[in-house]
Amino acid sequence: MRSVVTPLVLVVDDEAPIRQMEMRILEHAGYRVMEAAGGQAALATLGKGVAPDLVIADLDMPDLPGEEMVRSIHATRPKQKVLYVTGNIDRLLNVRSLVWEGEAFLDKPFSTKGLLEAVSLLLTGSLRHAENAAGARRRA
C-alpha cells in the first residue's frame, strides 16, 4: 500500500494575524504547515533542509521583500512553487510583469475559498483538494 504524503506549506508573512489565519485555513484543509515571520526567517528555515511543497510569500515585508526572498530560494530550488499574497496589486504588477510556471498571485483581502483554490491549483493543477476541504468543513 502506498502512503500519501500531505503537502507541506511554508507561510511567510511579517503580520502575525494574517500568517496565523492562513495557517488555520490550511491546517483545517489538511495541509502540513510551517511559518516564518519574515523573509530572512524563511531563508533560515529552508537553509536547515526543510523542503516545502509550496511557499506562500507576502510581497511586502520589511526585512526582506517577498520577491527578493523568492529570488534567493530559486537560486537553489528553481522549481519551488510560490503563491505571492499582497494588499497592493499595483505594486506587484510593477515588480512582476510575468508570472513564471509554479507561481501565482492572490490579492488581499482574500477568502478562505480563494486561498484554498490557489494552493490546490499550484500543488495539484486542479481544484479537487480545495473542493474536498470545503466539503469536509460543511460536514463538520
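Colleague: Helices (H or I, at least four residues) and strands (E, at least two) are DSSP runs, numbered from the N terminus. How many helices and strands are there in the protein?

Modeller: There are 6 helices and 5 strands. Starting from the N terminus, the elements go β-α-β-α-β-α-β-α-β-α-α. This is a predicted model, so local features need pLDDT of at least 70 and side-chain atom pairs count only at pLDDT 80 or more, while totals for chains, interfaces and linings use all residues. Residues are numbered from 1 along each chain as its sequence is written, and side-chain values use heavy atoms, with hydrogens and water left out.

Colleague: Thanks! What share of the residues is buried?

Modeller: Of the 140 residues in the protein, 41% are buried. Buried means under 20% relative accessible area, exposed means over 50%, and partly exposed is in between (1.4 Å probe, protein chains only).

Colleague: And which residues have the most contacts inside the largest nonpolar core?

Modeller: They are Leu 26, Tyr 31, Leu 54, Ile 56, Leu 83, Leu 115 and Val 119, in a core of 20 residues. A nonpolar core is a set of buried Ala, Val, Leu, Ile, Met, Phe, Trp, Tyr and Cys residues joined through side-chain atoms within 4.5 Å.

Colleague: Which elements give two or more residues to this core?

Modeller: Those are strand S1 (8–12), H1, strand S3 (54–58), S4 and helix H5 (112–124). H5 gives the most, with 6 residues. Apart from this core lies another one of 15 residues, including Ala 42, Leu 59, Met 69 and Val 70.

Colleague: How about Leu 10, buried or exposed?

Modeller: Leu 10 counts as buried, at 1% relative accessibility. You'll find Leu 10 in strand S1. Its contacts beyond four places in sequence include Met 34, Glu 35, Ala 42, Leu 46 and Pro 52. Leu 10 and Glu 35 are 25 residues apart in sequence, yet their C-alpha atoms are 5.5 Å apart.

Colleague: New topic: at what angle do H1 and H5 pack?

Modeller: The angle is about 65°, with the axes 10 Å apart, which makes H1 roughly perpendicular to H5. Axes are lines fitted to C-alpha atoms, for helices over the stretch in contact, and angles run from 0 to 180 degrees between N-to-C directions. Angles under 35 degrees count as roughly parallel, over 145 as roughly antiparallel, 65 to 115 as roughly perpendicular and the rest as oblique. Glu 22, Ile 25 and Leu 26 in H1 meet Thr 112, Leu 115, Leu 116 and Val 119 in H5.

Colleague: And how do the axes of H2 and H3 cross?

Modeller: The axes of helix H2 (residues 39–47) and helix H3 (residues 66–76) come within 9 Å and cross at roughly 15°, so H2 and H3 are roughly parallel to each other. The residues that meet are Gly 39, Ala 42, Leu 43 and Leu 46 in H2 with Met 69, Ser 72 and Ile 73 in H3.

Colleague: How many aromatic pairs does a search of the whole structure find?

Modeller: The search finds 1 aromatic pair. The ring centres of Tyr 84 and Phe 105 are 5.1 Å apart and the planes are at 20°, so the pair is stacked. Rings of Phe, Tyr and Trp (its six-membered ring) pair if their centres lie within 6.5 Å; planes under 30 degrees apart count as stacked, over 60 as edge-to-face and the rest as tilted. Tyr 84 is buried at 0% relative accessible area, whereas Phe 105 is partly exposed at 23%.

Colleague: Last one: where is the cis peptide bond?

Modeller: The cis bond joins Lys 108 and Pro 109, with omega about -5°. Pro 109 lies in the loop between S5 and H5. Most peptide bonds are trans.

Key
Contact = heavy atoms within 4.5 Å.
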